[in-house]
Amino acid sequence: MRQKTLLLIGCGEMGGNLLKGWVTASSSFSFHVITPHQTSVTKIAPHIPWFPTPEAYQAAGLCPDMMLFAVRPQLFQQIAPAYRTLIEKHNPIVGSIIAGLATKALQETLPEIHTCFRAMPNLPVATHEGVVGLMGQHLSDSNRTLIETLFKALGLVVWIKDESCFNDFTALSGCGPGIVYAFFSALLEAAKTLNTGIEDAEAVVKQLLQGSAAYVASHEQPFETLAAQVAVPGGMTEQAIHTLQHNHALTTLLSGTLAAASHHGEKLGKK
Ligand SMILES: NC(=O)c1ccc[n+]([C@@H]2O[C@H](COP(=O)([O-])OP(=O)(O)OC[C@H]3O[C@@H](n4cnc5c(N)ncnc54)[C@H](OP(=O)(O)O)[C@@H]3O)[C@@H](O)[C@H]2O)c1
């Protein structure tokens, strides 16, 4: 079977991490990238063909099987029209990772699209430990398999049946690593208010994150059970968790955090 080609548009924080994940996973796809600066591609994979514009891509006579928009939401409407000829001519499957951009809006902006999908990856895709949410309307079995094969190289793939859930999913999974890092950053700040007697509290907090994640991976138990294992009755951890969750304070804070992110996704989609 001929190797399928994905054309990635935008190679910043997330596009770059996707590309890093794919090239290090020895994906069965080949990749082309359109992004303004060549260095953002060469620093990840010097062999990947790079083009500064869709016009340069078309002049090279290349034809993608799939395209993936990985630019900022505000930029998409501006740059999309320049891709209409390419899509009309080659009929690729067109996807986007743009937060808030619904498949309907994608198709309204680019009416030449026949098959489209939405993907929501998160940062650890770079090391194949990511989560990718996928959603597509009226996908044939072969297109669904193709899309899934592309993203499976990057970690856990989940299909989202109803697009109205996509912003909530994005709040949890796409924003998730940022929320986790913000939590551990706050823990580090809090650690600095204690007299721990150590110089490098950051190294300890990082190991705490890595060690706890590795422990979760090797023990198939719910978080609650794992927490209870550490929280000996009457002990210090029990006191810590009791303080953290007094009146469900942490759950309430996180519910508000996820709801705010999801609501912002809706607003981005309307711009
Ligand atoms: N960051 C995340 O964790 C995350 C997670 C899930 C989804 N997303 C989504 O991914 C999208 C990109 O986010 P990001 O964080 O990767 O943003 P970013 O770091 O700003 O990356 C945007 C990329 O687009 C490139 N670009 C600028 N003008 C372009 C043009 N005319 N044609 C093609 N590419 C162009 C930029 O190139 P230059 O930098 O060289 O100008 C950059 O490589 C957003 O829509 C976001 O919602 C992000």
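Biologist: Into which domains is the protein chain divided?
Modeller: The model is a predicted one, and its protein chain has 13 helices and 8 strands. Its C-alpha trace spans about 70 × 40 × 35 Å along the principal axes. The division of the chain, taken from a domain assignment, is into domain 1 (5–167) and domain 2 (176–268).

Biologist: How many residues of domain 1 are in contact with domain 2?
Modeller: Taken over C-alpha atoms, the centres of domain 1 and domain 2 are separated by 33 Å. On the side of domain 1 that touches domain 2, the residues divide into 4 nonpolar, 3 polar and no charged. Contact is made with 6 residues of domain 2, and the number from domain 1 is 7.

Biologist: Which residue in β7 is the bridge partner of R118?
Modeller: Strand β7 covers residues 130–136 and runs antiparallel to β6. The two strands are joined by 5 bridges. The partner of R118 in β7 is M135.

Biologist: Which residues are in contact with L8, leaving aside its neighbours within four places in sequence?
Modeller: L8 belongs to the largest nonpolar core, which has 52 residues. Together with I9, L68 and A70, L8 is one of those that touch the most other members. With neighbours within four places in sequence left aside, the contacts of L8 are G15, L18, L19, F31, V33, L68 and A70.

Biologist: Which residues are the closest to the ligand?
Modeller: The ligand is surrounded by 26 residues. Two or more residues of this shell come from each of the elements α1 (13–24), α4 (73–79) and β6 (116–121). The shell divides into 16 nonpolar, 8 polar and 2 charged residues. The closest are G10, G12, E13, M14 and A99.

Biologist: Does N91 count as buried, partly exposed or exposed, and why?
Modeller: N91 is placed in the loop between α5 (84–90) and β5 (93–96). Although N91 is not a glycine, its phi is positive, at about 50°. A residue is buried with 20 or more C-beta neighbours within 10 Å and exposed with 12 or fewer. Because N91 has 14 C-beta neighbours inside 10 Å, N91 counts as partly exposed.

Biologist: Does H248 count as buried or exposed, and why?
Modeller: H248 lies in the loop between α12 (236–244) and α13 (249–270). H248 also has a positive phi, of about 55°, although H248 is not a glycine. Because H248 has 10 C-beta neighbours inside 10 Å, H248 counts as exposed.

Biologist: With which residues is R84 in contact, leaving aside its neighbours within four places in sequence?
Modeller: R84 lies in helix α5 and counts as partly exposed, because 15 C-beta neighbours lie inside 10 Å. The C-alpha atoms of R84 and I113 are separated by 8.5 Å, although the two residues are 29 apart along the chain. With neighbours within four places in sequence left aside, the contacts of R84 are L110 and E112.

Key
Residues numbered from 1 in each chain as written. Predicted model: local features only at pLDDT ≥ 70, side-chain atom pairs only at ≥ 80, totals over all residues. Core = buried A, V, L, I, M, F, W, Y, C linked by C-beta atoms within 7 Å. Contact = placed C-beta atoms within 7 Å. Near = placed C-beta within 6 Å. Helix = DSSP H or I, 4+ residues; strand = E, 2+ residues; numbered from the N terminus. Nonpolar A, V, L, I, M, F, W, Y, C, P; charged D, E, K, R; others polar. Pairing = 2+ DSSP bridges.
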